[in-house]
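Visitor: Hi, I've just opened this one and I'm new to it. Can you walk me through it?

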Amino acid sequence: MHYVKYVLGALCFALMVFLSWLALTPAPQGVLVLEYHHISDETDSEGQPYSVPPAEFAAQLDYLQQQGYTTISMQDFMRAKKGKQELPAKPVILTFDDGYEDNYTVLLPMLEERGMKGTVYMVTNSIGRKGYLSWNQLRDMQNRGIELGSHTANHQPLTTLDREKQAEEMKLSKLLMEWNGLKTIFTFSYPNGAYDEGMPQMLAENEYLTAVTGDGGLNTFKTNPYLLQRTNIPYPRFGLTEFKLRLFKSEAMTKLGIRQHIVNE
Ligand SMILES: [Zn+2]
């Protein structure tokens with residue numbers, strides 16, 4: 001029976017080789033996109049998985065800066081893809097879904113303090129409701145350098161709607177923001193990360209240039225711009241260590257060429 005020992009030994013050895021390879025191969029070149037929601041100390045309705053406290057968020061921003069990351073916008077990414085601008089060595093796009101009011105009161109000053117950029121994806125039928133951004137706040141944010149995108153009109157997972165309704169959600173949310181004096185909206189975020197293979201084409205027809213999913217990983221110019229991958233950053237139970245592990249996981253998945261379609265229920 002002692003061949004079991006050798007098999008286990010060989011497996012342990014293979015695992016160690018694999019882990020060292022993961023840790024030692026250089027980080028893949030690519031654009032990291034982070035996915036946030038609330039930046040707040042308050043717990044949300046689901047007991048805070050979508051709230052990152054400001055102190056934790058500050059530590060994450062400072063860590064990114066120490067590691068040599070530079071924030072860019074979706075527009076920077078697309079301009080660089082067309083050869084119209086250079087990307088920094090380690091680009092990161094900070095994205096915020098749903099359009100909560102704390103993105104104006106808490107997040108914006110924190111980004112401004114550090115000279116960082118961010119992209120906020122708005123559910124247009126929530127604009128002006130309690131706890132959500134108002135039109136004036138959105139206009140002010142855009143003037144102060146925040147990029148705005150659409151997260152649909154009603155935040156229904158698009159895969160639960162028929163094609164006609166899906167197209168409406170994409171189109172109306174964009175037009176409503178532009179009619180209300182905001183600059184052209186050309187980036188989109190799928191509610192709950194739910195998409196299917198027909199949606200990239202529909203977004204292109206509705207004059208979007210990029211869209212973000214909830215699938216973890218890094219992006220290159222070869223990534224379908226309507227299926228950009230994001231690293232989700234929920235409430236960090238284990239502080240900055242958890243943040244570092246989440247970044248590491250995205251890098252590792254990219255190195256291994258694994259893409260998981262993640263849909264939040
Ligand atoms: Zn959302």
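Visitor: Is aspartate 98 buried or exposed?
Guide: Aspartate 98 is buried, with a relative accessible area of 8%. Keep in mind that this is a predicted model.

Visitor: And what about histidine 151, buried or exposed?
Guide: Histidine 151 is buried too, since its relative accessible area is 1% and the cut-off for buried is under 20%.

Visitor: Which protein donors does the zinc ion have?
Guide: They are Asp98 through OD, His151 through NE2 and His155 through NE2. These atoms lie 2.1 to 2.2 Å from the zinc ion.

Visitor: What spacing do those donors follow along the chain?
Guide: The pattern reads D-x52-H-x3-H.

Visitor: So where do aspartate 98 and histidine 151 lie?
Guide: Aspartate 98 is in strand β5, residues 90-98, while histidine 151 is in the loop between β7 (147-150) and α6 (163-179). The pair therefore ties together parts that are 53 residues apart in sequence.

Visitor: Switching topic: how many helices and strands are there in the protein chain?
Guide: The protein chain has 8 helices and 10 strands. Its radius of gyration is 20 Å, close to the 18 Å that the globule rule gives for 265 residues, so the chain is as compact as a globular protein of that length.

Visitor: What does the C-alpha trace span along its principal axes?
Guide: About 75 × 40 × 40 Å.

Visitor: And how much of the chain counts as buried?
Guide: Of the 265 residues, 49% do.

Visitor: Last one: how many charged side chains, positive and negative?
Guide: There are 25 positive and 30 negative side chains, and the centres of the two sets lie 6 Å apart.

Definitions and conventions:
Residues are numbered from 1 along each chain as its sequence is written. This is a predicted model: local features need pLDDT of at least 70, side-chain atom pairs count only at pLDDT 80 or more; totals for chains, interfaces and linings use all residues. Side-chain values use heavy atoms; hydrogens and water are left out. Helices (H or I, at least four residues) and strands (E, at least two) are DSSP runs, numbered from the N terminus. The radius of gyration is taken over C-alpha atoms; the globule rule is 2.2 Å times the number of residues to the power 0.38. Buried means under 20% relative accessible area, exposed over 50%, partly exposed in between (1.4 Å probe, protein chains only). Lys and Arg count as positive and Asp and Glu as negative; His and the chain ends are not counted. The place of a charge is taken as NZ of Lys, CZ of Arg, CG of Asp or CD of Glu. Donors are N, O and S atoms within 2.8 Å of the metal (3.2 Å for Na, K and Ca); water is not among the atoms, so sites may look incomplete.
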